[in-house]
Amino acid sequence: MNVLILTDLEGISGVSSITDIFETETPGYKNALVRLMADTNTAVRAAFDEGAETVYVVDGHGGGKNFIEGALDPRAVQISVSGNPEVIRNCDAVVAIGMHAMAGTQRAFLDHTQSSKTIHHYRYNGERIGELSQIGVYAGHFDVPCVAVSGDVAACAEARALFGENVAIAVVKEANVRNTAICVDNVTADQRIYDAVAEGIRKRDTVKPLVPTLPLEIAVEYNTTALCDDICRVKPYVERVDGYTVRALKEKIETYYDVLL
Ligand SMILES: [Zn+2]
């Protein structure tokens with residue numbers, strides 16, 4: 001049994017303010033990276049305790065250079081999700097650590113889909129989706145379920161709505177407004193993440209993979225018409241729908257890029 005752990009930063013325990021993510025010289029940012037390693041290593045430990053043979057880990061936030069060198073549990077294999085399309089076929093379960101809700105969700109800590117600076121909404125076959133859907137569809141296409149999710153209340157609610165009641169969740173914070181949240185203490189967060197990952201892996205057969213219907217129509221509504229102009233220039237395969245929106249039809253899913261525009 002192999003497990004793929006995907007990580008993001010917004011939904012990591014102890015990260016309570018937008019400045020903890022963007023102001024890289026602050027103690028809050030340094031703490032965010034320490035907690036990223038703590039949450040990730042807790043998930044790795046739970047996966048091995050449940051009998052995983054190989055645990056793959058992706059440093060998924062931003063450009064993927066967040067992990068503190070030498071701090072990842074040495075038993076885990078760090079990969080990039082886009083550069084290793086064969087890994088997902090060998091996995092039995094996906095775990096998402098440090099997640100946030102989709103763009104447009106109220107009382108969701110740092111809600112966005114891919115980029116809050118450029119993207120207003122992402123849609124799959126007409127439905128608004130977020131990064132949890134992107135993870136779920138990528139894994140689901142290869143018949144792999146997303147079995148456990150950690151993050152704020154809104155991200156965990158989105159996970160339940162997408163993956164069903166049997167996805168195990170670890171709530172580590174609740175947003176009071178978009179840019180700030182109240183976090184549970186670190187000991188509670190560790191315990192919730194450990195329990196959710198262990199439970200999710202144990203019950204992985206009860207969680208349905210999010211199998212997409214192909215072709216997958218991906219539409220993206222940008223924040224400005226200029227951003228939309230730029231995308232049309234760099235991605236000639238997209239079709240302009242209106243001033244703000246482009247779409248593309250993905251006939252097959254082979255790599256993680258295929259679930260993005
Ligand atoms: Zn992120």
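Modeller: Gladly, and please keep in mind that this is a predicted model. A place to begin is strand E4 (residues 93-99), which is joined to E7 by four bridges, the two strands running parallel.

Biologist: Which residue in E7 is the bridge partner of Val95?

Modeller: The bridge partner of Val95 in E7 is Ala148. Ala148 also has a bridge partner in E8, namely Ala168.

Biologist: And how many bridges join E7 to E8?

Modeller: Five bridges join E7 to strand E8 (residues 168-177), and this pair runs parallel. In general, strands of a sheet pair through backbone hydrogen bonds, in either a parallel or an antiparallel way.

Biologist: Is E7 buried or exposed?

Modeller: Seven of the seven residues of strand E7 (residues 146-152) are buried, so the strand is largely enclosed by the rest of the structure.

Biologist: Changing topic, what is the strand order in the open sheet of five strands?

Modeller: The order is E6-E5-E10-E12-E11, and the pairing in that open sheet is antiparallel. Strand E6 (127-129) and strand E11 (239-240) stand at the edges with a single partner strand each, so one side of each has no neighbour in the sheet.

Biologist: What joins E10 to E12?

Modeller: Strand E10 (residues 216-222) and strand E12 (residues 245-250) run antiparallel and are joined by six bridges. As an example from that pair, Leu216 has Lys250 as its bridge partner in E12.

Biologist: Which helix lies across those strands?

Modeller: That is helix H6 (residues 225-234), which lies across E10, E11 and E12 and runs at about 35° to E12.

Biologist: Now for Asp49: where is it, and is it buried or exposed?

Modeller: Asp49 is placed in helix H2 (residues 27-49). Asp49 counts as exposed because there are 12 other C-beta atoms within 10 Å, and the cut-off for that class is 12 or fewer.

Biologist: What about Glu50, and what does it touch?

Modeller: Glu50 lies in the loop between H2 and strand E2 (54-59). With 17 C-beta neighbours inside 10 Å, Glu50 counts as partly exposed. Leaving aside residues up to four places away in sequence, Glu50 touches Ala198, Ile201 and Arg202.

Definitions and conventions. Residues numbered from 1 in each chain as written. Predicted model: local features only at pLDDT ≥ 70, side-chain atom pairs only at ≥ 80, totals over all residues. Buried ≥ 20, exposed ≤ 12 C-beta atoms within 10 Å, placed from the backbone. Contact = placed C-beta atoms within 7 Å. Pairing = 2+ DSSP bridges. Axes fitted to C-alpha atoms, helices over the stretch in contact; angles between N-to-C directions.
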